[in-house]
Amino acid sequence: MDNIQLLDAIERYLNNEMTEAERIGFEQLRKSNIEVDQMVVEHSAFLNQLNKYGENKEFHTVLNEVHHDLTSRGLIREVPPKAVIAQLWKKHKRVMAVAASIAGITTMLIAGFAAYYSRRASNAELEQLSKKFENTERKVNALRAQVESDKAVVIDKAPSNTPIKSGGTGFLIDESGYLATNAHVVEGSSVVVLENYKGLEFRARIVHINAENDIAILKIEDADYHTRSPLPYAIKMTGAELGEQLFTLGYPREEIVYNEGYMSAKTGFNGDTLTCQIGVPANPGNSGGPVFNRNGEVIAIINTRQAQAEGVVFAINAKNIINSIEAISADSSNANIVKLPLSSSLKGVDRVQQIRKIQDCVFMVKSY
Amino acid sequence: MEGLARNDRQTIEKIYSGHFGMIQSLIINNNGSADDARDIFQEAMIVLYEKSRSEDFELHCQVKTYLYSVCRRLWLKKLSQTHRFVPEINGIAELVPIEEEIDANDERNQEFIHMENALSRLGEPCRSLLEAYYLQKKSMSEIASGFGYTNPDNAKNQKYKCLVRLRKLFFSEYKTNNGDG
């Protein structure tokens, strides 16, 4: 209690709130009692400190307000610290270049390994839709050829005594005889024979194989093939919207087969953006077949289906054909050797009519 | 300068808008951010403010040079504290000696930290009560009604109790820290 009264006295003394008599009395006390004197000095310093603290805080608040105010009025502008990177860059240009190249090489190596092994892995999960011919089927084929030979003179263009290794579907991308199909359909084959829906066969040569995109370009090199009128369908580079109606033509059997469905997903297996997922039934033999939208534009090429799942079919986006075409153009002296059809004449035409026009351009691909 | 000493808003704004850009580019060109620039600049403003209030105040150079020198020193110090590497602060080499001010500023900051700590350990309502009286300079009767005391004398009594506690905290804080350091 004493202490508090003393403090009160000291404060009043320091603030000059004492009456004359009080003040004299207090000064007397200070002189006689050293402890009180010390207390006065100490408290005065303390109050001073507190005061300064208050003023400092106040000033800081004002500064912050001013800063905020000036910023909002646009008189000062806070700059993002972009110079740091530039400076670091300038300083460590050499080191960074070396580091970047090492990182680059490492990344390439890792990516290479990853791609190699993931391809392996995906092969187990994905089923390529090319047909593996067996001898029995070959016999059926021979029988059919015999039957048809009664009607017309059909020359078997397949090399005799060689079993068919695999089969699929291909479609014309240029009326002069260029076709697109899957790389896995024709990979490793020495001879490729095409058969149209009427059963006529044509010899073809593999012009270009892009195993990465799984696209192969074939060229019909056969005297029986005559350059036909312009293709009815177009190749659409921009893909399709989800839910868009789609249809396919292909040769899962010895017969051309029509199927229809819809666009399921814009990416393929494991988020692959080169491919898309379609909800169209597909079977071995459909590989390389064109996927059309309702306007008769090719939006994709069927290539695989997921082995463990029902009805999950993947198709390569049609724009990937361009890469292959460019590669061909680069190889040949004649630039723009392949002209992709860019406009469809099948818009608004009845589906049956569309198929009638398209079916000449879709071939069964048999590789020996 | 008189304006600054009087804590005049307009003067502060004028100095602020006139020099902040320069300091900002100094800090940003030397591994700092806009926030760092703001902190450093405001601290330099406080140094200037304290200087302008001291009795023997005389500035032998331009405000600009002064602020620049102070900021440069403060920033170098901060960089070395945070162990961020900076070889040489580049910029205009026109500098004035400011050792004393920087040291005084450090000391002051240290004391303010002590005060801040003591105040924060004091707890409520003591803290608000003391701040109202000593910092905001409110009268005892205002405080009594604001804090719900029956009369100013009661409030005053409470205030002194708080003040005794604050003093104790402050001096113990001061001793331990200075003893350590």
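Visitor: Which residues does A:Ile301 touch, not counting residues up to four places away in sequence?

Guide: This is a predicted model, in which local features need pLDDT of at least 70, side-chain atom pairs count only at pLDDT 80 or more, and totals for chains, interfaces and linings use all residues. Residues are numbered from 1 along each chain as its sequence is written, while chains are lettered from A and ligands numbered from 1 in the order in which they are written. Two residues touch, or are in contact, if their C-beta atoms, placed from the backbone, lie within 7 Å. On that basis A:Ile301 touches A:Ala180, A:Asn182, A:Ile215, A:Gly288, A:Pro290, A:Val291, A:Ala315, A:Ile316 and A:Ala318.

Visitor: How many residues are in the largest nonpolar core?

Guide: A nonpolar core is a set of buried Ala, Val, Leu, Ile, Met, Phe, Trp, Tyr and Cys residues joined through C-beta atoms within 7 Å. A:Ile301 is one of the members that touch the most others, and A:Ile173 and A:Leu179 are also among them. Another core, of 26 residues, lies apart and includes A:Val66 and B:Ile15. The largest core has 59 residues.

Visitor: Is A:Asp214 buried or exposed?

Guide: A:Asp214 is in the loop between β5 (201-210) and β6 (215-220) of chain A. Its phi is positive, about 60 degrees, although A:Asp214 is not a glycine. A residue is buried if 20 or more other C-beta atoms lie within 10 Å of its own, exposed if 12 or fewer, and partly exposed in between, with C-beta atoms placed from the backbone. A:Asp214 has 24 C-beta neighbours inside 10 Å, so it counts as buried.

Visitor: And A:Asn270, buried or exposed?

Guide: A:Asn270 sits in the loop between β9 (257-265) and β10 (275-278) of chain A. Phi of A:Asn270 is positive, near 55 degrees, and the residue is not glycine. With 11 other C-beta atoms within 10 Å, A:Asn270 is exposed.

Visitor: Which element gives the largest share of the side of chain A that touches chain B?

Guide: The contact takes 26 residues from chain A and 31 residues from chain B. Helices (H or I, at least four residues) and strands (E, at least two) are DSSP runs, numbered from the N terminus. On the chain A side, α1 (2-14), α3 (34-73) and α4 (83-91) each give two or more residues. The largest share, 14 residues, comes from α3(A).

Visitor: In chain A, where is confidence lowest?

Guide: pLDDT is the predictor's confidence in each residue, from 0 to 100. Chain A has a mean of 80, and 83% of its residues reach 70 or more. Where pLDDT is low, the predicted coordinates should not be read in detail. Strand β11 (residues 290-293) of chain A has the highest mean, 92, and the lowest, 54, belongs to helix α6 (residues 135-149) of chain A.
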